[in-house]
Amino acid sequence: MSPSQIIVLATPVFFALIAIEFAVAHRRQRSQYRLADAVSSISLGMLSQTSAVFTRLLRVGIYTALFEHVALWRNDAFWTSLPGWLLALLFYDLCYYWLHRMGHEVAVLWAAHAVHHQSQDYNLSTALRQTSSGALLGWVFYVPMALAGVPPLVFGVVALIDLLYQFWVHTEQVGRLSWFDRWFCSPSNHRVHHAVNDAYLDKNYGGILIVWDRLFGTFKDEDEREKCVYGTRGLLNSWDPLWANAQVYAGLARDSWHARSWADKLRVWLKPPGWRPADVAERFPKPAFSMAQMHPLYHPPMSRAVQWFALVQFVLLLAGVAAFLWQADGAPLAHNAVWFAVLLTAQWSLGAVMQGRIGMGMALMLQSAALATATSALGFTQWHWLFKPLTMVIALALVAVSAYPARAGCRFGLKDLALLAAALAGSLAGDVFLMFGGFFIPGLVSFLVAHLFYVALFKHGQRWFPHRGALAATLSIGAAMYAFLWTGGLPAGLRGPVAAYVLVIALMAAQAIGRASVLRDGPSMLVAMGAGFFMLSDSLLATNRFVQPLPMAQAGVLATYYAAQALIVAGVLRGARAEQAPPAVTPRTDLARSPSAA
């Protein structure tokens, strides 16, 4: 049984314990659960496990190679005996202590580990909140085990035991445990580790044993007079799983980029978290940390409908992740990558809905688009026939709902929405035609009509092609692409229709980019990006069809096609809201701890 399958089998136990903790906390009137935070934490745990399908090859592969070629002592019989297993577990826990400690003392390692500390709540869902990038450098700390000849199987098992043990210590419902607290990592000890209080900061790194902290001077007892405040000493303010994993890396990259000294550019990554070169700190100052910024908790409001949507989406996502992990270790890498992208799309869109960045309809459109792409790329034809038209139907429904006068207390620009609906309807017709053999010309004509509607939509309120450079660039790209297709074997009977199509899509992109150059706002930039993705998608489609088959062509064609449609729909609807809705006062968002200086 693979490690991924063991995690799947352990998942019901995790949720049973979470349910027990929730019930106990509710009875004690000390509930520490918030829906969005718990869903976000568990979603990050899902992402950690699904991404581990790919990074495990790095970690296990390097460990196995070291074991095979440079192990100083080989005695598999000992390591698979009871004393050997116990010694291996002790050895792993010591290595884990130093990895964990360096994860708080070296900025680039903190960038990976910070994900686990971001939650402002402390409960069993927080235990599942794990990094997706820790394996990239974390393997270095286990090299001593390979050198000592610990077999890869034993290493993998004790690693899993160490990880599973740490689940139960993430709770506030278990108090002090007398002698147990002196020897083992316990809820009390680990609460200290997650706290940002000055007295508690960077303490209690042990995984199973707290003895390591006592030996190496990093132990701190929980003080009943000072309540733990959880999180990290920065601001995340997001339920986005991608940004949660990337934020600290992005901050380090910015500081490294702006540092004048080449030595400082490197030190940024190797110094303790929060260290900044003097010149960077002077030019880009950050306010000093204050405990006052830790309250109130980051908690964007969610309507009852969004809460139910989040719950249903979470259950479906959990089922999808379990199915993926169960078969991932035996599936082709390309198939795993496709399904991983589907799950990642679902996770990102769920976080965006809970945060209020996108609506439920847009989330469903993105998820249907991801499923349409995956089912086409992997040959699930009947499911593809469902999700491909469904995606455009959802997009049309989004436009229809936006046009309803009672929506948000205002009427959007109906002409814009009518043009958008016509373009989406043309795209839907083109999708349906291209699903059947022998209907390429009708499909091409449908998309041609759709792009003409897009041109009219992007022209509305603007002059024709306001950015001449963009017009020249898109026409040049279109001409080069057409020449490439012509010389690559474009059939004579299609040269005229394809030439017209290339011209229209180049003009559409030029109009969209020109519009963005005039308006210089977020919605118009989204539309311009969408037009660019349309050009890329059609280029991939034509190359694959007329010149040379491309690997995983359907995945590339449909992914860029749906990115184009989603960006344009989002941009037009946001633009319509901005034009029609009265100005609103943006409330001050709640502050949240996020990966930053620890």
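Reply: One term to start with: the bend at a residue is the angle between axes fitted to the seven residues ending there and the seven starting there. Also, this is a predicted model.

Me: OK, by how much does α1 bend, and where?
Reply: The bend in α1 is about 35 degrees, at alanine 10. A proline, proline 12, follows within four residues.

Me: What does α1 span, end to end?
Reply: Helix α1 covers residues 3–27, 25 residues in total. From first C-alpha to last it reaches 36 Å, close to the 36 Å expected at 1.5 Å a residue.

Me: Which of the α1 residues are buried?
Reply: Ser4, Gln5, Ile7, Val8, Ala10, Thr11, Phe14, Ile18, Glu21 and Ala25. So the residue at the bend, Ala10, is itself buried.

Me: And what covers them?
Reply: The cover includes α2 (35–70), α6 (124–127), α9 (152–165) and α16 (304–328).

Me: Switching to holes. How many cavities are there of 30 Å³ or more?
Reply: A search of the whole structure finds 5.

Me: Which element gives the most to the lining?
Reply: α24, with 6 residues. The elements giving two or more are α21 (440–459), α22 (468–488), α23 (495–519) and α24 (522–547).

Me: What is the lining like by class?
Reply: It has 16 nonpolar, 3 polar and 1 charged residues.

Terms used
Residues numbered from 1 in each chain as written. Predicted model: local features only at pLDDT ≥ 70, side-chain atom pairs only at ≥ 80, totals over all residues. Heavy atoms only, no water. 1 Å grid on protein atoms, 1.4 Å probe; cavity = no way out; pocket = protein on both sides within 12 Å on 5 of 7 lines; lining within 4 Å. Points joined across faces, edges and corners; volume = space filled by probe spheres on them. Nonpolar A, V, L, I, M, F, W, Y, C, P; charged D, E, K, R; others polar. Expected span 1.5 Å × (residues − 1). Buried < 20%, exposed > 50% of the residue type's maximum accessible area, 1.4 Å probe, protein only. Contact = heavy atoms within 4.5 Å.
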